[in-house]
Amino acid sequence: MRWWRDMDPGDVRERITDVNDGILAITGTGLGLAGAEVGASTSYAVLGITATAGTLSMFAVKLGEMMAEREAQQSAADHERRNLDADPEAELAELIAWFERHGVQSATARRVAEEMSDADALGAQLELEYGFGGVATFRETVTAALWAGFAFFLGAFLPVLVTVLVPLQWRTEWTLLVAGCSLAATSLVLARRGHSNVTMTVVRSLLIGLATLAVTYLVGDWLI
């Protein structure tokens with residue numbers, strides 16, 4: 001799938017993290033309820049509310065982060081635009097110096113800097129000095145937040161489904177099984193996309209996730 005290959009690895013990691021947050025948050029809540037032997041109807045309500053609140057919270061938090069980042073990008077772009085208008089030669093010299101610091105010979109550094117400035121002087125300054133090529137649009141900001149919320153919901157969906165479909169006496173075992181399979185699947189995707197060791201990534205994710213869920217179950221059993 002071309003869209004998958006074209007995705008930034010950093011974006012993939014963020015979305016996988018959001019999915020895992022959904023898995024652990026809702027599975028942990030479900031196990032806590034199972035450990036406390038809470039009835040089915042109450043469990044449905046609690047998990048439904050938790051999943052909804054978690055999805056909306058993830059969207060809201062990501063939207064706030066993206067809006068703040070967009071404002072910072074806009075501020076940096078305005079600053080660089082003023083500098084370019086006031087003294088373009090000084091800005092060009094900054095680009096040349098940047099390439100020289102990274103081992104490029106002076107003549108080559110000047111030629112590359114001039115070509116980049118001719119194509120997009122502001123974009124070149126932002127890319128090299130701040131690490132981004134342009135200010136994110138409002139649509140991109142909202143889209144990123146929506147994807148974060150959807151990823152959390154996707155992770156939360158299966159634990160909720162287990163609570164609805166599986167009888168109470170088998171709920172703990174099935175919840176752990178589904179959570180383990182889900183964490184293994186997300187870890188596999190993350191390892192493949194990030195070209196890291198598959199076995200180590202999956203084992204690490206399972207150990208951390210299942211240990212967290214075990215503590216949650218014990219807390220539920222102890223409190224109620």
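Start by selecting phenylalanine 150: at 43% relative accessibility, this residue counts as partly exposed (the bands are buried under 20% relative accessible area, exposed over 50%, and partly exposed in between, using a 1.4 Å probe and protein chains only). Before you click further, note that this is a predicted model, where local features need pLDDT of at least 70 and side-chain atom pairs count only at pLDDT 80 or more, while totals for chains, interfaces and linings use all residues. Residues are numbered from 1 along each chain as its sequence is written, and side-chain values use heavy atoms, with hydrogens and water left out.

For rings of Phe, Tyr and Trp (its six-membered ring), a pair needs centres within 6.5 Å; planes under 30 degrees apart are stacked, over 60 edge-to-face, and the rest tilted. Both residues sit in helix α6 (residues 138–165), 3 residues apart, about one turn of the helix. Helices here are DSSP runs (H or I, at least four residues), numbered from the N terminus.

How many aromatic pairs does a search of the whole structure find? The count is 3. Another of them joins tryptophan 98 and phenylalanine 99, whose ring centres are 5.2 Å apart and whose planes meet at 90°, so they too are edge-to-face. Tryptophan 98 is partly exposed at 24% relative accessibility, whereas phenylalanine 99 is buried, with a relative accessible area of 12%.

While you're in this part of the chain, pick alanine 93, in helix α4 (residues 88–101). Alanine 93 is partly exposed, at 41% relative accessible area.

Show its contacts (heavy atoms within 4.5 Å) and, leaving out residues up to four places away in sequence, you'll find Val19, Gly22 and Ile23. The C-alpha atoms of glycine 155 and isoleucine 16 are separated by 9.1 Å, although the two residues are 139 apart along the chain.

Move on to threonine 27, in helix α2 (residues 9–35). With 1% relative accessibility, threonine 27 is buried. Its side chain reaches the backbone oxygen of isoleucine 23 at 2.6 Å, a polar contact (N or O atoms within 3.5 Å; within protein, one must be able to donate a hydrogen and the other to accept it, and residues adjacent in sequence count only if both atoms are side-chain atoms). Beyond four places in sequence, threonine 27 touches Gly22, Pro159, Thr175, Ala179 and Leu213.

**Along α7**

Select leucine 176 in helix α7. At 32% relative accessibility, leucine 176 is partly exposed. Its contacts outside four places in sequence are Leu31, Leu210 and Leu213. Glycine 28 is 148 residues away in sequence, yet 9.4 Å away C-alpha to C-alpha.

Threonine 186 is also in helix α7, and at 9% relative accessibility it is buried. A polar atom of the threonine 186 side chain lies 3.0 Å from the backbone oxygen of leucine 183. Not counting residues up to four places away, threonine 186 touches Ile16, Val19, Asn20 and Ile23.

Leucine 190, in helix α7 as well, is partly exposed at 25% relative accessibility. Look for its contacts with Arg13, Ile16 and Ser196, setting aside neighbours within four places in sequence. Valine 12, 178 residues apart from leucine 190 in sequence, is 7.4 Å apart in space, C-alpha to C-alpha.

**Last stop: a pocket**

Which residues lie nearest the centre of the second largest pocket? Select Asn20, Leu183, Ser187, Leu190 and Ser205, from a lining of 13 residues. The elements giving two or more residues to this lining are α2, α7 (168–194) and α8 (198–223). By type, the lining divides into 5 nonpolar, 6 polar and 2 charged residues (nonpolar is Ala, Val, Leu, Ile, Met, Phe, Trp, Tyr, Cys and Pro; charged is Asp, Glu, Lys and Arg; the others, Gly among them, are polar). On a 1 Å grid over the protein atoms alone, a pocket is an open set of points where a 1.4 Å probe fits, with protein on both sides within 12 Å along at least five of seven lines; lining residues have an atom within 4 Å of a point.
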